[in-house]
Amino acid sequence: MAWRFKASKYKNAAPIVPKAEACVREICVGSYQTYGNNIAASAAFMAFNWEHTGSSVAVLPLDDCGRKSKTMPLLHGHTDTVTDLKFSPFHDGLLATASQDCLVKIWHIPEKGLEQSLSDPEAVFSHKQRRVETVGFHPTADGLMYSTAAGCVALFDLSTQKEIFSNNEHPEVIQSASWREDGSVLATSCKDKCVRIFDPRATTGSPIQMTAESHQSIKDSRVVWLGNQTRILTTGFDAARLRQVIIRDIRNFGIPEKTLELDCSTGVLMPLFDADTNMLFLAGKGDTTINYLEVTDKDPYFIEGLRHTGEQTKGACLVPKRALKVMEAEVNRVLQLTSNMVIPIMYQVPRKTYRDFHADLYPETMGYKTELVAGEWLNGSNQAVPKMSLDPAKREHGDEPIIPRLGPKPFSSTSGDVSFDKVFAVPLAPGSHENISSVGQDNSSGGGLEIIPTEGGPKPDLIVNIEIKARAPPPAAATGNGVQVSLTTSERRKSSADDDESSDKIFEQNSESSGNSTEGEERVDGNLQRATSTRSSIAERRRLYESRSKSQVDEKAQSPVPLRREHSKVEPLKVNSLQPLQGNNAIDPKRISVPEGKLMEEHRRGNGSASALGLKKSATEATFTKRTSTVFGKVSKFRHLKGTPGHKSTHIENLRNLSRQIPGECNGFHANQERVAVPLSGPGGKIAIFELSRPGRLMDGVIPSLVNGSNIMDFQWDPFDAQRLAVACDDGIVKLWHIDAGGLSEPTNTPAGELTAHLDKIYFIRFHPLAADVLLTASYDMTIKLWDLVTLSEKCSLSGHTDQIFDFAWSPCGRLGATVCKDGKIRVYNPRKSETPIREGNGPVGSRGARITWALDGQYIVCTGFDKVSERQISVYNAQKLAAPLNTASLDVSPSILIPFYDEDSSTLFVTGKGDSTIYCYEITDEEPYICPLSHHRCTSLHQGLSFLTKNHCDVASVEFSKAYRLTNTTIEPLSFTVPRIKSELFQDDLFPPTRITWSATLSAEDWFASNDKAAPKISLKPEGMETLSSIQQGPVAAKKSEHQFGGQKSDYEINKQQEIQKSVSARMEFTTKLEQDDMEGVDENEWQE
């Protein structure tokens, strides 16, 4: 029994979570109902689903970090959600993706990663109108891929692009599959609650060799083979929906060897197993914890390790062992995919020192080279993949960073076959620095390339692009016949240094920054220094970009870092020449996004420093006057808006009997500047009216209300008459109530007027934003009618809807209207000219409900709704092109409909739902990404409704740009949205442009129906006697512009005079290149090499 007390080497492996700066941030990941892990990793790249639909895939270098742009290059290859994705174990740039569109696609990732979006895969395989659930590669045979769709298991030979095996004997959907390490058999878990052992090479009988009952729930289950053992591990749910982990031995397959019950959470457990260390990681979808267990071959079978608790998990995967930091005792690394980040969690075994390689922690692991191909394996050949050591001393290049080989692999014209390596031009696996000069020497055609197909086999139709460089490579980087050799990092830097001195090159791109940097983004050799002037703070640069109010075009997601050789012979960009650019308008070259190709092209033309300086100018000033977009993301004046509830003395308290039966199309709460309307529970359709001028605690007893006599469907205040309330009932009648100046003193059931609008229930009602006495009604009969309230007569009727109408919104000009319908369509109407829609497009696919509003002077339409997995989302459309949204932002999974409130002066969108406690704030822009998150406001309690007032009731002296009233279960409280400003005593005219008058009618109903349109007048919100901010800043800003204008034209005399002054000042200053640490005693070079 001594083994029970034997301490494991990995027992104390601790999860180490890096800081946010070392994670991939600001990505967009949705919630996907798939059987995949949503993320995969090779030793060079990581890939994960992108956006709420998941039809695109993002691919990044494995060690990448930092903020990511929503315009970054992606794989756009599928028309529906990507269900699974895997990298080849032998080619780090070979990715397979499976999708709900019934297709499996093979992608080649360039060795530098995606520099532009890809939409053309290397190969496509179809599953014949069946949704593909899982995909993966064989562990020992190169070019052999498997995929599952419904109950079908299929194998594909990638070199011939043919399906070589297919079996449909599974009665239900296959939820998971896993190969044994030797590649002999496959284990599958199925929706019929069974687990099976599957041998595709079985010559007699069925390929299904064994079957056993597994988890007794049809919910998602997973299976993983425990290395090369005879045991498999499955995760799933029992009949009581408790999460389970089961170990089975195929020698006694019907009886579980160990069953571990965990908890009753609903998250699907994703098992991640490392066969070298027997470490098992259980990451549940939607969980915030990742469990670490060590699997043993004897009782207790599971030894629990340290548990990681952090962000909510959307997906997870293990990084291949050869990409680990073995000199830091990293035994495993889990990539955790969250809704907006990829977090690399490093599991480190504590040791006293990390100077030496700890061989006891790293047994030999699976290598990356195999001689076995798909055809040989299918014919019965078994061949193990040679093992490799992780000891840096046993690697060819020691502990140098592992990077993929540069360039595609050239073909041989003398060999009689075409191997899989030659068909797909993918980088070699990390850990190998093969010299391809031997391949080039076999090429007798002197650099010519030719593909010779295998005997009797079809000719591969995959195209491999070989880039022929016009410039001859340096002697150290080329063989006799001109074939480029893979160079190490130091050799490439040495070569580029020689190029610098010969061609006066100033800038260079550090091509290894994303692949080999393990300690941050700014790791540079000692002989390189950044060519920046005095580094200004981030706050100063942010103020600079805000003051410029121009859009900077980012042509690439990652900007190269300008570098300058310390001992370069030619230094056109000196600090002296950059001094005139300092100040408020100084531009840090490090922060400017300049495309690498464009930069190098300018230098090849020999433009010198002038071209480089001009390129910076074009990169920052090239543009149009739109909303500010910078390297910091969206810089909005309302970025740090603040929501502040009113003082308790302004609240209306002791509310009771609030109605919970209001339809989803009704906002459930409406306020104007004088009073609020709140529906009450009980029969009769009661609506309580509360005067805002009389806050405080309500008296106990009967609340004075409007008794409508029928169930309330919707209600709305007249925007031009604070005393008129329109109420729509389920009997198709709209009742018009007139509230006296003092408010209600007792219940009343006598309306001022009634309008029999429809014969069926009414969905909602809407007043016209500009014309008085114009009311719109939408009914269950799927028609929309417009009424003149002066004559109580119908003027227009709109048709074209095929299902329930969720919402209608008037355009700011009052001419057009937009609807969103349960049939998944958005329609735009011109009611006075046509009763059918003039434009139509695709809206939210969810059928729970939706809302719609206009933005940016009617040029864009914002729609809130649900996707097909019930996740709430906000979509922005071009009002002229409704075919597809410009961008969609996903929020969370919640049953409440997001109700939008749009402030046109600040272009701020407020969205919230009934029962939420958070008011989400976004800025709608007319450039990508079109919807930018601002600071969200989190309330202390749940609210049942929110209603905003018109702009003229904002306290602009307190920088209040929006004001609302919030309804909770027991109170009505005011809510103020302000922008923090230092000089709040001034009128912030940059925040308060002239606003449209929406609180008084612009034209009458008669004029509007006669098409006598008139634009709403605008007024300034500036109080009398208050100075504007621009008038105070105008003098200093003008002086600064004349002094520090970037790229301004100056005469030769001024330039020469300025240079003379700089030289005279520099001559008097003490100049030394000696550093304090130069006098310190260091270590010898041989000690570092040891």
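Predicted model: local features only at pLDDT ≥ 70, side-chain atom pairs only at ≥ 80, totals over all residues.

Which residues of β22 point one way, and which the other way? Select the strand and show its side chains: R243, V245, I247 and D249 go one way, Q244, I246 and R248 go the other, and all are buried. Here buried means under 20% relative accessible area, exposed means over 50%, and partly exposed is in between (1.4 Å probe, protein chains only).

Residues are numbered from 1 along each chain as its sequence is written, and side-chain values use heavy atoms, with hydrogens and water left out.

**Stop 1: around β22**

Stay on β22, residues 243-249. Seven of its seven residues are buried, so the strand is largely enclosed by the rest of the structure. (Strands are DSSP runs of E with at least two residues, helices are runs of H or I with at least four, and both are numbered from the N terminus.)

Two strands count as paired if DSSP finds at least two bridges between them. To get your bearings, pick L233 and look across to its bridge partner in β22, I247. The two strands make a hairpin with five residues between them, and R241 in the turn has a positive phi of about 65 degrees.

Next, bring in β23 (residues 258-261), antiparallel to β22 and joined to it by four bridges. Here Q244 has E261 as its bridge partner.

**Stop 2: a nonpolar core**

Select F281, V331, V334, Y347 and Y362: these have the most contacts inside the largest nonpolar core, a set of 27 residues. A core of this kind is made of buried Ala, Val, Leu, Ile, Met, Phe, Trp, Tyr and Cys residues joined through side-chain atoms within 4.5 Å. Strands supplying at least two residues each include β24 (269-274), β25 (279-284) and β30 (330-337). The most comes from β31, with four residues.

**Stop 3**

Then jump to β53-β54-β55-β56, another open sheet of four strands with antiparallel pairing. Its edge strands are β53 (805-810) and β56 (839-842). Four bridges pair β54 (residues 817-821) with β55 (residues 825-829) in the antiparallel sense; click V820 to find its partner I826.

**Stop 3: salt bridges**

Side chains of opposite charge can pair when their charged atoms come close. The structure holds 37 salt bridges, each defined as a side-chain nitrogen of Lys or Arg within 4 Å of a carboxyl oxygen of Asp or Glu.

Start with D823 and R827, at 2.7 Å from N to O. D823 is partly exposed at 25% relative accessibility, whereas R827 is buried at 2%.

Then select R832 and D1013, whose closest N and O atoms are 2.6 Å apart. This pair links distant parts of the chain, 181 residues apart: R832 is in the loop between β55 and β56, and D1013 is in the loop between α9 (1005-1009) and β70 (1018-1019).

Finish this stop with R872 and D916, at 2.9 Å from N to O. R872 lies in β59 (residues 871-878) and D916 in the loop between β62 (908-912) and β63 (918-924), so the pair ties together parts that are 44 residues apart in sequence. Both ends are tucked away: R872 is buried at 1%, and D916 is buried at 9%.

**Stop 4: a loop glycine**

Last, find G380 in the loop between α1 (374-378) and β33 (387-388). G380 is partly exposed, with a relative accessible area of 45%.
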